[in-house]
Amino acid sequence: MGFQIQSYQQYLDDYKKSVTNPAEFWDEIAVHFKWRKHWDKTFEYDWSKPETKWFIGGQLNITENCLDRHLASKADQTAIIWEPNNPNEKSVRVTYKELHSKVCAFANVLKKNGIQKGDKVCIYMPMIVELAVAVLACARIGAVHSVVFAGFSSKALAARINDAGCKIVLTADGGYRGEKTTPLKNIVDEALKNCSTVNNVLVFKRTDQPINWNDNIDKWWHEEIAQIEDICEPVVLDSEDELFILYTSGSTGKPKGMVHTCGGYMVYTTYSFQNVFQYKEGDVYWCTADIGWITGHSYIIYGPLCLGATTVMFEGVPSYPDYGRFWEVCEKHKVNQFYTAPTAIRTLAKHPKDLVDKYDLSNLKVLGTVGEPINEEAWHWYDDNVGKNKCPIVDTWWQTETGGILISSLAGVTEGKPTFATLPMPGIQPALFDSEGRKIENQEAEGILAIQHPWPSIARTIYGDHERYKNVYFSAYPNHYFPGDGALRDAKGNYRITGRVDDVVIVSGHNLGTAPVENAIDEHKDVVECAVVGFPHDVKGNALYAFVITYDKVSKPEQLKNEILELVSKTVGPIAKPDKIQFVSGLPKTRSGKIMRRILRKIASKDTENLGDISTLLNPDVVTEIIDNSL
Ligand code: PRX
């Protein structure tokens with residue numbers, strides 16, 4: 001679209017304009033989209049409430065932008081290349097015309113099942129084309145999708161279904177991931193024992209495994225879709241109508257349902273997709289994320305499809321059938337832009353180099369990373385072996401809450417710097433604060449990151465809990481959005497994200513609050529109390545370390561550890577299982593009873609030289625005991 005930044009000078013000019021005249025800047029971008037009604041005002045915000053609105057009064061349907069708009073010139077162009085888990089199964093190419101037809105047909109299925117504008121739809125599906133179809137079909141009729149990652153447990157699923165009050169669940173009998181098959185439908189059944197709002201479950205047949213069936217609510221996808229019309233006019237929505245809810249972890253046990261709205265999200269994801277990846281007509285772009293995460297929402301589905309790109313969807317995992325799978329897929333589909341997570345890069349770097357070298361990666365032009373800081377070693381491995389030192393690497397910093405990439409280089413346009421996300425996107429005004437809450441004016445500095453001005457795709461609220469939204473994101477520094485990350489700024493204004501400054505730990509690129517893991521462990525009948533912290537891990541980035549107090553002396557530690565792991569797996573999901581569990585007689589606490597996680601983090605990281613003053617603790621002796629027995 002006509003907003004591709006083509007040179008460093010243009011970036012500088014655009015950036016300047018985005019700060020001095022944001023309304024005009026975004027107006028000129030937003031006009032490239034299809035609106036049913038032009039907006040009356042570009043944006044309005046009051047972060048004391050906090051409230052943010054973009055393209056106010058504008059009307060649109062995002063699927064008209066992702067699908068209908070391309071039919072005149074790109075009906076037969078591939079929209080989605082689907083690559084199955086098993087390389088012996090055929091990959092599928094879905095054209096824009098076919099995707100349009102599938103989305104319209106499934107939108108009619110949703111309508112037939114009583115789903116209307118504003119209704120919440122839970123999607124718990126494997127990475128198959130129907131997942132993208134389901135997402136877009138919701139958007140087509142103004143239903144609000146809540147995609148739950150298909151690796152989450154039944155309890156986590158139930159909590160999300162209940163929080164949003166979902167009316168319907170879209171799932172599959174099972175899902176393939178590497179050697180494993182996940183019994184998705186049975187997990188849904190288990191979850192629904194504790195949900196009262198769901199009227200129907202639509203089940204796509206993927207694995208053909210035996211499942212339970214409840215005639216009152218379960219329906220087969222293929223039966224529903226048979227003989228249904230594939231014409232469905234898009235419902236015209238207000239720019240600020242809800243598009244989706246996506247849950248992310250926070251510092252308390254309850255997941256936060258981040259609410260994204262239609263207009264601003266569409267404009268920003270498309271704009272950032274084109275500019276960060278420098279996508280050109282005809283390119284094949286592959287983001288390896290799961291659609292259960294924001295990266296999949298913004299940069300597999302909405303951004304690429306709005307731009308009319310060809311986007312790859314991969315059902316499998318990087319290790320199956322071997323650790324060369326990513327590169328095999330890059331060769332097979334002649335991938336031009338490849339976007340993955342540092343944890344995947346670190347895992348792959350541990351395997352023989354010929355697993356990369358044996359594939360033709362000459363079509364690659366741009367590499368990207370997301371989800372956690374990338375260490376120097378992994379960055380260079382990626383650059384040398386995958387990019388052959390000729391592909392710019394974009395290290396994209398952003399969050400579920402931000403909707404789109406906020407800090408990143410623009411491939412080949414602005415300069416990259418190993419381990420630095422580098423410069424803010426146009427429209428993004430980062431700032432650093434010190435530990436006393438003062439803004440740091442020096443250019444070269446390290447501090448806590450905050451963002452000063454709204455951008456179109458910022459989440460508007462936490463579903464059902466606006467107060468929490470205010471407390472978490474807008475109370476740290478007046479008139480700034482607080483993302484919860486630390487950062488370092490170099491003399492040229494490049495940002496390097498240093499990691500979380502709260503109780504969220506990024507494990508293998510998954511954003512995990514420590515609180516839900518603690519809650520799960522606390523449920524064990526032998527456990528009095530526990531504390532979970534993160535510690536550096538050379539493949540996962542971070543791993544979890546649990547300090548656990550039990551009622552009685554532990555007689556069978558291995559058995560208890562396994563029971564705890566099982567509980568965490570069931571309650572939160574297998575990704576949240578701690579790597580280390582240490583049984584302790586007490587936890588270091590302040591006199592007001594607060595657990596000193598700072599000390600536990602240091603112990604877990606084997607950095608016990610500078611614990612600071614521990615004499616003010618309620619129980620300083622316990623620290624020595626914990627250090628002596630640490631794992
Ligand atoms: O800590 C930052 C880290 O991931 C967090 C957001 O996680 P989530 O909402 O799950 O979204 C992940 C995908 C956008 C951030 O607060 N993070 C994300 N990208 C980077 C990063 N840390 C360092 N560098 C990045 N490029």
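Biologist: In which helix is N562 found?

Modeller: This is a predicted model, in which local features need pLDDT of at least 70 and side-chain atom pairs count only at pLDDT 80 or more, while totals for chains, interfaces and linings use all residues. Residues are numbered from 1 along each chain as its sequence is written, and side-chain values use heavy atoms, with hydrogens and water left out. Helices (DSSP runs of H or I, at least four residues) and strands (runs of E, at least two) are numbered from the N terminus. By that scheme, N562 is found in helix 18.

Biologist: Is N562 buried, exposed or partly exposed?

Modeller: A residue is buried under 20% relative accessible area, exposed over 50%, and partly exposed in between (1.4 Å probe, protein chains only). The relative accessible area of N562 is 48%. N562 is therefore partly exposed.

Biologist: What distance separates the C-alpha atoms of N562 and I168?

Modeller: Along the chain, N562 and I168 are 394 residues apart.

Biologist: Into which domains is the chain divided?

Modeller: The bounds come from an automatic or database domain assignment. One part is domain 2, residues 508-628. The other part, made of two stretches, 8-317 and 396-487, is domain 1.

Biologist: What is the area buried between domain 1 and domain 2?

Modeller: The centres of the two domains, taken over C-alpha atoms, are separated by 33 Å. Contact means heavy atoms within 4.5 Å, and 13 residues of domain 1 are in contact with 15 residues of domain 2. Buried area is the accessible area (1.4 Å probe) that two parts lose on being put together, summed over both. Carbon and sulfur atoms give 52% of the area between the domains, which is about 890 Å².

Biologist: Which element gives the most to the side of domain 1 that touches domain 2?

Modeller: Polar contacts are pairs of N or O atoms within 3.5 Å; within protein, one atom must be able to donate a hydrogen and the other to accept it, and residues adjacent in sequence count only if both atoms are side-chain atoms. Six residue pairs, both at pLDDT 80 or more, are in polar contact between domain 1 and domain 2. On the side of domain 1, the most, three residues, comes from helix 7.

Biologist: How many residues on that side of domain 1 are polar?

Modeller: Ala, Val, Leu, Ile, Met, Phe, Trp, Tyr, Cys and Pro count as nonpolar, Asp, Glu, Lys and Arg as charged, and the others, Gly among them, as polar. Three residues on the side that touches domain 2 are nonpolar and one is charged. The polar residues there number nine.

Biologist: How many residues apart in sequence are the parts that E523 and K155 tie together?

Modeller: A salt bridge is a side-chain nitrogen of Lys or Arg within 4 Å of a carboxyl oxygen of Asp or Glu; the count between domain 1 and domain 2 is one. E523 and K155 form a salt bridge, with their closest N and O atoms 3.3 Å apart. E523 lies in the loop between helix 17 (514-522) and strand 28 (527-537), whereas K155 lies in helix 7 (residues 154-164), so the pair ties together parts whose separation in sequence is 368 residues.

Biologist: How many salt bridges does the count come to?

Modeller: One of them joins K41 and E44, at 2.9 Å from N to O. K41 is partly exposed, at 39% relative accessible area, and E44 is partly exposed as well, at 34%. By the rule for salt bridges, the count comes to 41.

Biologist: Is K74 buried or exposed?

Modeller: K74 lies in helix 4 (residues 71-74), and its side chain makes a polar contact of 3.3 Å with that of E281. A polar atom of the K74 side chain also lies 3.0 Å from the backbone oxygen of G308. Because its relative accessible area is 10%, K74 is buried.

Biologist: With which residue does the side chain of T52 make a polar contact of 2.7 Å?

Modeller: T52 has its place in strand 2 (residues 51-56) and is buried, at 6% relative accessible area. Leaving aside residues up to four places away in sequence, T52 touches several residues, including E240, P454 and I458. The 2.7 Å polar contact joins the side chain of T52 to that of W47.
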